[in-house]
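Hi,

Here is the structure I promised to pass on. My notes on its strands follow below.

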Amino acid sequence: MERWSWGENANCNDFSQKLASGAAIFVNDSFSLSHKIRASTVGITRFCYASLAGFHFEEELMQLLKINDTTRRPYIAIIGGSNFLRKAPALHLLASQCDGLFLVGKLSFQIMNGLGIPVSSCLIEKNATKEVLQLIEIAHNRNIPIYYPTDLWCLNSNNNEQLEIFDSAELLSGLISLGWTPVDIGPSTLERISSLLSSYKKILWIGPTSFDLTEEFSVGATQLGQILNKASHNSCDIILVGGAACKAVKGMSDSSSQYTASENESIVWEFLKGRILPGIAALDKSYPYQIPWDDVFSDTTQPLFVDIGSGNGLFLFQMARNWEGLNFLGLEMNEKLVVRCLQDVASAGKRNLYFLSTNATSTFRSIVSSYPGQLTLVSIQCPNPDFNKEQNRWRMVRRMLVEAVADLLQVNGKIYLQSDVESVLLGMKEQFISHGKGQLVVDSDGRMENPFGVVSDWERHVLARGAPMYRTMLRKV
């Protein structure tokens, strides 16, 4: 057991190879470990033919991405806990995205000190002064408010049963020296939060409201949970991060569906710092993708056509020339082909065509969900020309991809499937109909003609030898 633990924690190469023994595909469904480098989540991927995200992993990742989604405004973050210096990059990011910040816990003392409010030296992180002032400057330049507690529940160190409420300024300027220690936010602060939240459409709560790890003195979290519960019934998006936030609303079963919740606070802080999470980076092409769509396409309001398994890109190049009113995106696993395609795109100056090296099965949703316009058409053409090779059979269409396409495709959007092997086409069609959540119907079938007038490279090769192509067009209803 000890050797196993060492090999796991050290991401040992030999141990990783033993874990992968006999496996061709690795599916990671342990999102809670994605911020750590472990043999079972990172090292193992070096010895598997494919490394994919599981359904739970994908769901957790999508919840994580919601934090950076600023389409719902105004957006406020209630941020608790301690260690300002370690969290500074994440706090700066939130200040650049949100329309207001409310700091509680020990973080609030650093902000109050930075704003010139007298704070006892024992509560100040002296090595974080620069980062505190940077946060205040970001908020000032964006003209967003930073709030902090106006009153605090305090515990008398001489009598552990004596709790009283003090005005924040009064406490911090002198009462600390008299033996009073802040333990949680007070009722006046909670009233202020309740009043403020009525004007916000999206709320992030991350970190504990209390100033002490002693749970018995934490009353603010429960009352804040009640405030957020009320806000959720007013069509406000609520994101809860960390054990304190999630526990505060655990008993509110009537509103559980109104929340996006993640108990693993460490992963979220690492994500907000802009760091690549090892467990995610180890999958087939790291994601979440942050595609600069405005740099990629000249007009991001145009409908999007995605070709999965774009190969050498010749099909999409001709399509992009013929249909200037569409944007085309090719997803291809072979990185060398993608590099060549992107070089050709740059040489041709095409602003409605782009390529990405990725395994679309695990990344389609992450990539396409951030596109500003509508997804109007998806094509999968001749997957695995060498499908008879054992190591390539896994590449056939999978449920994760089907569900992502069905969810993101616009109503009346279409899915074009074709192959020179009839059983392959029938298998793809069956997967889309089975896992399309009842949203997909057959639009055209059988020996239909190519609807685009543009053939793929493999299609040209098949037709040249006189062999048939099998095609199906599906439509979202």
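This is a predicted model: local features need pLDDT of at least 70, side-chain atom pairs count only at pLDDT 80 or more; totals for chains, interfaces and linings use all residues.

How many bridges join strand S9 (residues 202–206) to S10, and do they run parallel or antiparallel? There are 5 bridges, and the two strands run parallel. (Strands here are DSSP E runs of at least two residues and helices are H or I runs of at least four, numbered from the N terminus; two strands pair if DSSP finds at least two bridges between them.)

Residues are numbered from 1 along each chain as its sequence is written, and side-chain values use heavy atoms, leaving out hydrogens and water.

Back to S10 (residues 237–241): 4 of its 5 residues are buried, meaning under 20% relative accessible area with a 1.4 Å probe, protein chains only. Tryptophan 205 stands opposite leucine 240 in S10. S10 also runs parallel to strand S11 (residues 259–262), joined by 4 bridges, with isoleucine 238 opposite tyrosine 259.

Then there's an open, mixed sheet of 7 strands, ordered S14-S13-S12-S15-S16-S18-S17. S14 (353–357) and S17 (440–444) each have a single partner strand, so one side of each is left without a neighbour in the sheet. At the S17 end, 4 bridges tie S17 to S18 (residues 470–476), and these strands run antiparallel. Valine 442 has leucine 474 of S18 as its bridge partner.

Cheers

Conventions:
Buried means under 20% relative accessible area, exposed over 50%, partly exposed in between (1.4 Å probe, protein chains only).
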